[in-house]
Structure formats: C-alpha cells, structure tokens
Amino acid sequence: MRPAAFSNFLLLASSLLFAGLSAVPQSFSPSLRSGTGAACRLTRAESERRCRAPGQPPGGALCHGRGRCDCGVCICHVTEPGVYFGPLCECHDWVCETYDGSTCAGTCHCGRCKCDNPDGNGLVYGKFCECDDRECIDDETEEICGGHGKCYCGNCYCGAGWHGDKCELQCDISPWESKRRCTSPDGKICSNRGTCVCGECSCHDVDPTGDWGDIHGDTCECDERDCRAVYDRYSDDFCSGHGQCNCGRCDCKVGWHGRKCEHPRSCPLSAEESIRKCQGSSALPCSGRGKCECGKCTCYPPGDRRVYGKTCECDDRRCEGLDGVVCAGHGTCSCGRCVCERGWFGTLCQHPRKCNMTEEQSKSLCESADGILCSGKGSCHCGKCICSADEWYISGELCDCDDRDCDKHDGLICTGNGICNCGSCECWDGWNGNACEIWLGTEYP
C-alpha cells in the first residue's frame with residue numbers, strides 16, 4: 001500500500017473510531033467483550049445501570065429513550081448527524097430552537113443555550129437567551145431603567161412616580177395620589193389586572209382593534225371574559241346568548257338564570273304577562289331597580305333593605321344626601337320620601353322654617369357670581385336656594401346645575417342607582433359606570 005493511501009486510511013479509521021467513542025461513557029472499556037460477536041461480560045442489570053442516567057430508578061428509560069443499550073454502551077438513534085449524541089444520548093441540539101423556529105441567541109451546547117455575556121454582567125439570559133436587559137439601559141444616565149425601576153426581560157417596570165419606556169419621565173402628581181386614583185372598589189391597585197401610571201390604569205388586556213378589550217374600566221375592574229360560556233376572545237358568546245354582560249356579570253333575559261344565563265327557567269306566564277306584572281304603575285319593570293322573573297321582582301342591590309316593594313317602587317336611598325345622612329337628620333324616610341320633623345322642610349328636610357338672619361344676609365348667600373339670585377331658577381330662604389319645582393331637573397346650591405346632563409340608562413338618570421350631582425352621577429355603594437349602570441358587588445340577583 002502506498003504511503004499516501006495508507007495515511008488516508010489511518011485518518012478515516014481514526015475519525016470513525018472517535019465518532020463511535022463519542023457515544024461511550026467514560027467508564028466504558030472495549031474489553032467488556034472478549035471478541036467480536038462474543039457475549040457481554042456484564043450482567044444485564046449492570047449493563048442497564050451503565051446506560052441509565054444518574055438518579056434514574058431501576059426500570060427507568062435507558063439512554064434517555066433515544067438509543068439502545070449494548071453491553072453498557074448507548075448506541076444513539078441517529079437519523080441526522082448531531083441530532084442525538086452524548087455518552088447517554090442526553091444531548092439533542094434541536095431543543096435550542098426557539099418558538100419562532102430560529103436557534104437560540106447564544107451558543108447551543110448539548111441542547112442548552114449558553115448566553116453571550118462578554119462583560120460578565122449577566123444581562124442576556126433566558127431559556128433561549130431571548131431576554132436582553134441591555135434594552136433597559138438609559139442612553140443618558142447609562143443606568144438600568146434610569147435608576148427608577150426594575151428590568152425584566154428587556155422591559156422596564158417603573159417605581160412609583162415614574163413612567164416611560166425607561167422610567168425617564170416623572171409624574172406630575174404624588175405617588176400617594178396616583179395610588180389613590182388607581183385603587184379599585186375592592187381596594188386593589190388596578191384590580192390586579194393592570195399597571196398604574198401616574199394615576200391612570202393601563203389594563204393588561206387590550207383589544208388589537210384599538211377598542212377596549214376584555215378587561216376595562218377606570219381601574220380595570222371589569223373583565224368581560226367572566227361572561228363567556230367558553231372563553232374565546234373573538235367570539236360573541238356572552239352570557240350563553242341569553243343575557244347582557246355588565247362589567248363581567250351576566251344580566252339574564254326573562255326565562256333564564258345562572259351565573260352565565262345557561263339555565264332555562266320554567267314559567268307559566270308569557271314574557272309580556274311577566275313584564276306587565278313587574279311593571280305595575282311604573283314606566284319600567286321593577287321600577288328600573290330590579291330584575292323581573294316570572295312576574296316577580298327581585299330588587300337590587302341584593303340584601304339592601306333600602307330598596308323594596310312589590311315592584312321595587314320604594315328606594316329609601318333617595319332620602320340620603322351626598323353625605324349619606326337620611327333626611328338631613330331632621331325627618332324619617334318613607335318609601336323614598338322624607339317626612340320632616342316640625343320646623344323643617346324641603347326634599348331632604350334640609351331647610352329650617354325659622355331663620356336667624358336678615359333678608360340682606362340671606363340674599364348675599366344666594367347670589368351667584370353674576371349677581372343673580374339662585375341663578376334665576378329658584379327662591380332664597382335663609383341663605384339657601386330652593387330650586388323651582390316646575391323644573392325638576394334644576395339642582396345645585398345656587399340652582400345652577402341641570403340634572404339632564406347626567407348620563408341615563410334605561411331612561412333613568414344615573415339608572416336610579418345614584419344621585420346626580422351637578423351633571424355627574426355620584427353612584428351608591430356597589431355601583432359604577434357613567435350612569436351607575438354597572439353592579440360591582442359580590443352577589444348579583
């Protein structure tokens with residue numbers, strides 16, 4: 001054999017020998033068989049033990065389930081070069097492929113990504129080295145998130161009073177005021193469904209179309225997903241198709257009940273007869289303060305004894321002022337109307353009949369900025385304006401407010417669940433929304 005050919009033969013043989021031994025454990029010795037085709041000198045148990053990963057119990061997978069055990073040596077199943085390799089077939093570089101099909105951002109070693117951090121700062125990390133906290137470094141200060149927040153996977157999470165992509169902007173309100181504005185009715189910041197930025201909640205779920213998404217509300221208190229029978233954000237399967245979703249709670253149509261209006265309710269009355277019984281002398285079923293089911297009203301809020309009556313016609317909340325005092329402390333409430341004590345009068349018994357001030361003193365307190373007495377829409381009594389009863393919608397300390405400016409729902413101002421305060425609805429406990437149309441309580445009829 002010629003020297004050159006002999007050299008090529010030795011090179012090929014050594015390469016094949018090295019490739020074969022790459023799948024052999026360090027404890028392997030070629031002398032385990034006395035010769036080619038000879039019997040293995042190891043017992044079956046000892047052979048399998050050597051092919052089993054450390055910590056694996058007897059009977060566990062051999063060669064990680066990716067090869068066969070031959071006399072204590074793993075012979076890996078290789079259909080493509082480099083797919084499975086290692087002494088126990090534990091390495092498989094294809095796991096370094098990320099969710100988008102590309103390989104890891106670092107170096108793949110035995111199926112694990114080693115992230116490139118030349119400075120040793122550990123800013124590049126993650127299973128696929130997909131997180132790069134260098135993106136959080138402020139260009140001017142060269143600090144992570146400007147020194148005003150924490151970085152997670154390339155995104156800054158700002159501390160109180162700061163916002164911006166790199167927490168470089170400071171809020172114009174105090175952290176306390178920001179927290180107060182973002183506190184939801186249940187006492188949680190943005191209902192634990194959003195991030196508070198300078199007093200405004202940025203809800204975690206935003207509809208891709210640009211409209212409000214499944215989670216919405218000033219404090220992210222509404223989650224419309226709770227109304228879906230089977231959650232699919234692009235379906236319209238709200239309340240099983242038998243009700244209306246109000247801030248994550250189903251308001252079922254007549255004849256249906258259940259948390260998601262999934263149960264039919266049997267009733268001998270027709271829908272028209274049921275509504276007629278619930279309507280009574282009111283313009284709306286249950287006076288707009290309850291739910292009509294088979295001719296009977298269930299008043300809400302549930303358990304609130306201030307709303308009662310066969311058709312929920314009595315609402316004693318109307319006897320309360322903005323301060324919550326019933327009939328200003330000078331009368332008793334009867335079916336939503338104040339019965340004043342002697343010496344007091346007014347819708348809420350707020351006016352004394354006797355006055356200890358002169359007429360000039362009284363008028364000076366009733367004049368608006370333009371010098372008109374009670375804005376020309378009421379009379380002055382003891383320093384307080386009594387707005388004209390002919391114009392029911394006029395209110396305010398100087399009769400300068402128009403309650404028609406308050407939002408309506410089902411034809412009722414503030415839906416009957418709040419007080420109109422100079423054009424804005426002041427909702428009673430448990431209610432929310434521009435027209436107090438959303439019930440936020442823990443129970444729902």
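Predicted model: local features only at pLDDT ≥ 70, side-chain atom pairs only at ≥ 80, totals over all residues.
View 1. The side chain of T311 makes a polar contact with the side chain of E313, at 2.9 Å. Leaving aside residues up to four places away in sequence, T311 touches K277, C278, Q279, G280, C286, S287 and C297. Two of these neighbours, C286 and C297, return in the next view.

**View 2. C286 and C297 are joined by a disulfide.** Their sulfur atoms are 2.1 Å apart. The link is left-handed, with -95° about the S-S bond. This pair links distant parts of the chain, 11 residues apart. C286 is in the loop between α4 (271-279) and β19 (290-293), while C297 is in strand β20 (residues 296-299). Both C286 and C297 are buried.

**View 3. A disulfide connects C374 with C385.** The two sulfur atoms lie 2.1 Å apart. The torsion about this S-S bond is about -95°, so the disulfide is left-handed. C374 lies in the loop between α5 (359-366) and β27 (378-381), and C385 lies in strand β28 (residues 384-387), so the pair ties together parts 11 residues apart in sequence. C374 is buried, with a relative accessible area of 0%. C385 also counts as buried, at 9% relative accessibility.

**View 4. C51 and C69 form a right-handed disulfide.** Their S to S distance is 2.1 Å. The S-S torsion is about 75°, so the link is right-handed. C51 belongs to helix α2 (residues 44-51) and C69 to strand β1 (residues 67-70), so the bond ties together parts that are 18 residues apart in sequence. C51 counts as buried, at 0% relative accessibility. C69 counts as partly exposed, at 23%. The structure holds 31 disulfides.

**View 5. β33 and β34 form a hairpin.** The strands pair in the antiparallel sense over four bridges. G418 has C427, in β34, as its bridge partner. Two residues lie between the strands. C422 is in the loop between β33 (418-421) and β34 (424-427). C422 has a positive phi of about 55°, although it is not a glycine. This residue is partly exposed, with a relative accessible area of 46%.

**View 6. C198 is another non-glycine residue with a positive phi.** The phi of C198 is about 50°. C198 lies in the loop between β11 (194-197) and β12 (200-203). C198 is buried, with a relative accessible area of 18%.

**View 7. Y157 lies in strand β8.** The strand covers residues 155-158. Y157 touches G149, K150, Y152 and C167, not counting residues up to four places away in sequence. The C-alpha atoms of Y157 and T195 are separated by 9.2 Å, and the two residues are 38 residues apart along the chain.

**View 8. The largest nonpolar core gathers nine residues.** They are Y300, C406, I413, C414, C420, C425, W431, C436 and W439. In soluble globular proteins, nonpolar side chains tend to be buried together. I413 touches W392, D403, C406, D407, K408 and C420, again not counting residues up to four places away in sequence.

View 9. The protein chain has five helices and 36 strands. Buried residues make up 32% of its 445 residues. The accessible surface comes to about 27,600 Å², and 50% of that belongs to carbon and sulfur atoms.

How values were computed:
Residues numbered from 1 in each chain as written. Heavy atoms only, no water. Core = buried A, V, L, I, M, F, W, Y, C linked by side-chain atoms within 4.5 Å. Buried < 20%, exposed > 50% of the residue type's maximum accessible area, 1.4 Å probe, protein only. Contact = heavy atoms within 4.5 Å. Areas by Shrake-Rupley, 256 points an atom, 1.4 Å probe, with all protein chains shown as cover. Pairing = 2+ DSSP bridges. Polar contact = N/O pair within 3.5 Å; in protein donor to acceptor, adjacent residues only side chain to side chain. Disulfide = S-S within 2.5 Å.
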